[in-house]
Amino acid sequence: MLPQTTRHVVVGVDGTPRTVAALRWAATEAARRDAELHAVHAWDSGMRPASYAPVTDRSTPDECARRAAARLAETVHAAFGASPPVPVREVVDDRSVVPALLDHSRDAELLVLATRMPAADGPPGEFGPGSTTLSCLRQAACPVVVLPTVSDRVATGTTGDPARS
């Protein structure tokens, strides 16, 4: 078992291909900093449909938490396979995304978030930082890196360093 480290890099994981790219980039940065990687997946147990909304899911909070943990584990596995390059702590949080990320990154070396970039040959559409990213940029107590991603890859700029492009 690896010794516990207090240094950590936090990465937001929602299960999309762009967060696979963020996990890989954050792991490289964690290795540079001799830090553990905390992969945080927030699923907001407080969200309830309106009383007049059709009932589509009657899952209990425990079932939702298990699904969230499975989704996080699948995403971490998609990024690293069976052997991550740094110690990874998988964190499932039942709060809203922004409060969860801000709390888990309070004492972090870095908070890493992925944002969508349009594919060069893809249709134009919405991309760039969303409300979660903008809220974290405004409120985080640590440095925040926003990675432009296309599918499961980090889009590189002219400098080759996504944190500086």
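**Reading the contacts and the helices**

Modeller: Let's begin with a single residue. Leaving out residues up to four places away in sequence, A30 touches V9, A35, E36 and V86. Touching, or contact, means heavy atoms within 4.5 Å. This is a predicted model, where local features need pLDDT of at least 70 and side-chain atom pairs count only at pLDDT 80 or more, while totals for chains, interfaces and linings use all residues. Residues are numbered from 1 along each chain as its sequence is written, and side-chain values use heavy atoms, with hydrogens and water left out.

Colleague: Where is A30 placed, and is A30 buried or exposed?

Modeller: The cut-offs come before the case: buried is under 20% relative accessible area, exposed is over 50%, and partly exposed lies in between, using a 1.4 Å probe and protein chains only. A30 sits in helix α1 and is buried, with a relative accessible area of 0%.

Colleague: How much of the protein chain is buried?

Modeller: Of its 165 residues, 37% are buried. Among contacts with a separation of 6 or more, 75% join residues 24 or more positions apart.

Colleague: How do I read two helices that pack together?

Modeller: Two packed helices are described by the angle between their axes and by the distance between those axes. The axes are lines fitted to C-alpha atoms, for helices over the stretch in contact, and angles run from 0 to 180 degrees between N-to-C directions. Here α1 (residues 17–32) and α2 (residues 61–80) pack at about 60 degrees, with axes 9 Å apart.

Colleague: Is that crossing left-handed or right-handed?

Modeller: A crossing is left-handed if the near helix is turned anticlockwise from the far one by less than a right angle, and right-handed if clockwise. α1 passes α2 in a right-handed crossing. T19, V20, L23, R24 and A27 of α1 meet T75, V76, A78, A79 and F80 of α2. By class, these are seven nonpolar, two polar and one charged. Ala, Val, Leu, Ile, Met, Phe, Trp, Tyr, Cys and Pro count as nonpolar, Asp, Glu, Lys and Arg as charged, and the others, Gly among them, as polar.

Colleague: What does A78 touch?

Modeller: Not counting residues up to four places away in sequence, A78 touches V20 and R24. A78 is partly exposed, at a relative accessible area of 44%.

Colleague: Which residues make the contact of α3 and α4?

Modeller: Their axes come within 10 Å and cross at roughly 35 degrees, and α3 passes α4 in a right-handed crossing. V97, V98, L101 and L102 of α3 meet T132, S135, C136 and Q139 of α4. That contact has five nonpolar, three polar and no charged residues.

Colleague: How do I find the faces of a single helix?

Modeller: An α-helix has 3.6 residues a turn, so residues three or four places apart point the same way. In α4 (residues 131–139), T133, S135 and C136 are buried. Seen down the axis of α4, its buried residues fall within an arc of 165 degrees, so they line one face of the helix. The arc is that of the directions from the helix axis to the C-beta atoms.

Colleague: Which residues are on the other side of α4?

Modeller: S131 and R138 are exposed there. The buried residues of α4 pack against α3 (97–104), β4 (110–116) and β5 (144–150). In α3, the buried residues are V98, A100, L101 and L102, and they pack against β1 (8–12), β2, β3 (88–93), β4 and α4.

Colleague: What about a loop residue, say D34?

Modeller: D34 lies in the loop between α1 and β2 (36–42). Its phi is near 55 degrees, a positive value in a residue other than glycine. D34 is exposed, with a relative accessible area of 64%.

How values were computed: Helices (H or I, at least four residues) and strands (E, at least two) are DSSP runs, numbered from the N terminus.
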